[in-house]
Amino acid sequence: MFTPFNLAPYAATDARSRGRRHIEVSDPSRGQFQRDRDRIIHSGAFRRLEYKTQVFVNHEGDLFRTRLTHSLEVAQIGRSIARVLGLNEDLVEAISLAHDLGHTPFGHAGQDALNLCMKAYGGFEHNLQSLRVVDKLEQRYAEFDGLNLCFETREGILKHCSLENARQLGDVGLRFMQKQQPTLEAQVANLADEIAYNNHDVDDGLRSGLITLAQLEEVELFATHLSQVRQRYPDLTERRTIHETVRRMINTLVLDLIGHTRAAIVTTGVAHPDEVRAARPLAGFSDDIARQNHALKQFLRQHLYQHYRVVRMTTKAARVVTDLFEAFLKNPALLSAEHTCNPSGDTPRAIADYIAGMTDRYAMREHRRLFAIEDVLL
Ligand code: MG
């Protein structure tokens, strides 16, 4: 059995894993969670993250984050925290890289539109879809559908879940009914996601010009670091001042998270992943930093995600997704055989799987192919 060095007693290990759904011979050179990570990187859904939007549509600029670079940033932050806390870095990395695999094109606008389309057919939820991608939709292995990942990786991917869905999910749904936590690795990956997107949205938001430095000076977390950077490096260019400020914000959040989580681990005395599951959520920020982080999120919601230019993009995106869904549902003959035969044999779900798998640009192209009169022969 493969066990990385320096793991704390509360960390997930191969030996304590609840295993895979289909039993496989273990790999002589790699641990189980390393294998999971490798399978995720080689999946088609992972490659498509390169052309899926976080906030800005891919064609708006080459420097903006995509879901792929976002996932890599989450993995980086998650791994750093995991190493210090003696957690299983491979598991944190696997969860981080897979957490957004189920996202539709065009970010949350796409997901909300698809959820509305699927209202009468069981709904659509990107987090649940990420699990569906790794459990069913990736078709790469001879012996099973999906990637056959370990329970702990699947449990970590499923961050939230309604009780109704939990009942249908079996093993990974159980914790929502029992009101238990996932592993600390999953808790860390979840917060690494939050640290990554809040900070890169500040960076991308400033680069796009949709938010300004003057506005951000109202946000304590940003303002504190900005004034320190300006004091220490008064002649720095604005671009570098922003990078230096964001860098310090990330560092503050990471260090606070490590300190606060470590204290919670010591107080509760957890010594096994099952004790972590039964305990209160252990990974988290101190009250002061949680408050500052919340203020930053509120600022971004108000000034960036609801900026009229973003709203124009998201409205258009929602229309693309809705048009595609309605056209396919009305006439499933528009779908190629590959996309009609779904593991569940359920046409609306097959359409949702197809649309959710699209990149932003593929969805726009498909929309043009179906609706643009000049492209009638395509
Ligand atoms: Mg994310």
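Predicted model: local features only at pLDDT ≥ 70, side-chain atom pairs only at ≥ 80, totals over all residues.

Visitor: How many Å does helix α13 reach from its first C-alpha to its last?

Guide: Helix α13 covers residues 238–268, which gives 31 residues. At 1.5 Å a residue the expected span is 45 Å, and the helix comes close to that value. From first C-alpha to last, α13 reaches 45 Å.

Visitor: Which residue follows α13?

Guide: The residue that comes after α13 has a positive phi, near 65°. That residue is Gly-269.

Visitor: Is the pair of Phe-328 and Tyr-354 stacked, edge-to-face or tilted?

Guide: A search of the whole structure finds three aromatic pairs. In the one formed by Phe-328 and Tyr-354, the ring centres are 5.6 Å apart and the planes stand at 50°. Since planes under 30 degrees apart count as stacked and those over 60 as edge-to-face, the pair of Phe-328 and Tyr-354 is tilted.

Visitor: How many residues apart are Phe-328 and Tyr-354?

Guide: Phe-328 belongs to helix α16, residues 308–330, whereas Tyr-354 belongs to helix α18, residues 347–357. The pair therefore links distant parts of the chain, and the two residues are 26 residues apart.

Visitor: What kind of pair do Tyr-354 and Tyr-362 form?

Guide: The ring centres of Tyr-354 and Tyr-362 are 6.3 Å apart, and their planes meet at 75°. Because planes over 60 degrees apart count as edge-to-face, the pair of Tyr-354 and Tyr-362 is edge-to-face.

Visitor: Is Tyr-362 buried, partly exposed or exposed?

Guide: Buried means under 20% relative accessible area and exposed means over 50%. Tyr-354, with 10%, is buried, and Phe-328 is buried as well. Tyr-362 has a relative accessible area of 27%, so this residue is partly exposed.

Visitor: Which residue lies over the face of Tyr-51?

Guide: Two arginines can be described in this way, and one of them, Arg-39, lies over the face of Tyr-141 at 5.0 Å from the ring centre. For Tyr-51, the residue over the face is 3.7 Å from the ring centre, and its name is Arg-361.

Visitor: How many charged residues are in the lining of the largest cavity?

Guide: The count comes to three cavities of 30 Å³ or more, and the largest has a volume of about 50 Å³. Its lining includes Arg-21, Asp-135, Asp-145 and Arg-154, along with others such as Val-134 and Asn-148. The lining divides into three nonpolar residues, two polar and, for the charged ones, four.

How values were computed:
Residues numbered from 1 in each chain as written. Heavy atoms only, no water. Helix = DSSP H or I, 4+ residues; strand = E, 2+ residues; numbered from the N terminus. Expected span 1.5 Å × (residues − 1). Phe/Tyr/Trp six-rings, centres within 6.5 Å; stacked < 30°, edge-to-face > 60°. Buried < 20%, exposed > 50% of the residue type's maximum accessible area, 1.4 Å probe, protein only. Lys NZ or Arg CZ within 6 Å of the ring centre and 35° of its normal. 1 Å grid on protein atoms, 1.4 Å probe; cavity = no way out; pocket = protein on both sides within 12 Å on 5 of 7 lines; lining within 4 Å. Points joined across faces, edges and corners; volume = space filled by probe spheres on them. Nonpolar A, V, L, I, M, F, W, Y, C, P; charged D, E, K, R; others polar.
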